[in-house]
Amino acid sequence: MAKIDLKKENKEYYYPSAREVSLVDLPEMKFLMIDGQGDPNNSPEYQNAMETIFPVSYKTKFISKKEKSQDYVVMPLEGLWWSDKMEEFSTDDRSSWKWTVMIRQPDFINQPIINMAIKELEKKKDLPSINKLRFESFNEGQSAQIMHIGPYGEAEAPNVHKLHEFIENNGYQLKGKHHEIYISDLRRTKPEKLKTVIRQPYE
C-alpha cells in the first residue's frame, strides 16, 4: 500500500525558500480545526486543543488505512494567529491572541471517517476540546510565504516584516490572518533548526 505524503506532493506549499519570499495560489483544502484564545506557551485552552487535534488526526489515518486501504502521512500542525486589536499582536502580552490550530486532511477523508475516529478515541481517553473540533474546507488563495529557520516568537519578526514589506512593495494589501506551518517536530529538533513556514494572504 502506497503512503501519500502531501508535503512531498505539494512541495511549493511546504518548503519555500528561507532567503526569498515566494508567491503561491493555494487551492481549497480540508482541515481539522480548533479555535481558541491565549498565549500558546501557557494557555490550558491551547494544550487542550493539542490533546484533541493530534489524536483525532492519527486515529483518522489508521481508520483510513484499515477501512479504505488509503494510507498517508499525518500533516504538520498549522496555526492562524490574530488579535482584535492588531497593535497588540506583536507585544509580549499574548493573552489577547486568538488562534485556530489546524491539521490538513487528504481529499478522500470525510466527516463519517472523522466521526468514527472520535467515537473510537472517546472509549479510551478524554478529548478535552472535542466540542470545539470541526472539519471543514479552507481556501486561502493568493499568499506570500517564506521559510523561517530558528525559534518561534520574536525570532520570527524579521521574516514577518520581510513578508509584509514584499507584499506592500508589490502593490498588494495584506488579507486574512497570519499563518504558520510547523514543519519540524518540536520534540526532536533543536530550536535553532526549527523550520516554520510563515505565510500571509494578500489581495
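In this predicted model, Lys175 is in contact with Gln200, Pro201, Tyr202 and Glu203, when its neighbours within four places in sequence are left aside. Lys175 itself is found in the loop between α5 (157–169) and β9.

**Two lysines**

- Lys175 has a relative accessible area of 43% and is therefore classed as partly exposed, a category that lies between the 20% and 50% limits.
- Between Lys175 and Gln142 the C-alpha to C-alpha distance is 9.4 Å, although 33 residues separate them in sequence.
- Lys61, by contrast, is found in helix α3.
- The relative accessibility of Lys61 is 9%, so this residue counts as buried, the cut-off being under 20%.
- With neighbours within four places in sequence left aside, the contacts of Lys61 are Lys3, Asp71, Tyr72 and Val74.

**Secondary structure and sheet**

- Five helices and 10 strands are found in the protein.
- Eight strands make up an open sheet with antiparallel pairing, and their order is β2-β8-β10-β9-β5-β6-β3-β7.
- At the edges of this sheet are β2 (22–26) and β7 (134–138), each of which pairs on one side only.
- From one strand to the next, the twist averages 35 degrees.
- Strands β5 (residues 77–82) and β6 (residues 98–105) are joined in the antiparallel sense over six bridges.
- Trp81 has Trp99, in β6, as its bridge partner.
- Helix α3 (residues 44–68) lies across β3 (29–37), β5 and β6, and runs at about 10 degrees to β6.

**Nonpolar cores**

- The largest nonpolar core comprises 43 residues, and Ile53, Val56, Leu77 and Val101 are those with the most contacts inside it.
- At least two residues of this core come from each of α2 (11–14), β2, β3, α3, β5, β6, α4 (111–122) and β9 (178–182).
- Helix α3 supplies the largest share of this core, namely six residues.
- Apart from this core lies another, of eight residues, including Ala144, Val160, Ile167 and Ile198.
- Residues up to four places away in sequence not being counted, Val56 touches Leu32, Ile114, Ala117, Ile118, Leu121, Leu127, Ile130 and Leu133.

**Overall dimensions and packing**

- The radius of gyration is 17 Å, which agrees with the value near 17 Å that a compact globule of 203 residues would have.
- Taken along the principal axes, the box filled by the C-alpha atoms is roughly 50 × 35 × 35 Å.
- Of the 203 residues in the protein, 47% are buried.
- Where contacts join residues at least 6 apart in sequence, 76% of them are between residues at least 24 apart.
- The protein has an accessible surface of about 10,900 Å², and carbon and sulfur atoms account for 48% of that area.

Methods
Residues numbered from 1 in each chain as written. Predicted model: local features only at pLDDT ≥ 70, side-chain atom pairs only at ≥ 80, totals over all residues. Heavy atoms only, no water. Pairing = 2+ DSSP bridges. Helix = DSSP H or I, 4+ residues; strand = E, 2+ residues; numbered from the N terminus. Axes fitted to C-alpha atoms, helices over the stretch in contact; angles between N-to-C directions. Contact = heavy atoms within 4.5 Å. Core = buried A, V, L, I, M, F, W, Y, C linked by side-chain atoms within 4.5 Å. Buried < 20%, exposed > 50% of the residue type's maximum accessible area, 1.4 Å probe, protein only. Rg over C-alpha atoms; globule rule 2.2 N^0.38 Å. Areas by Shrake-Rupley, 256 points an atom, 1.4 Å probe, with all protein chains shown as cover.
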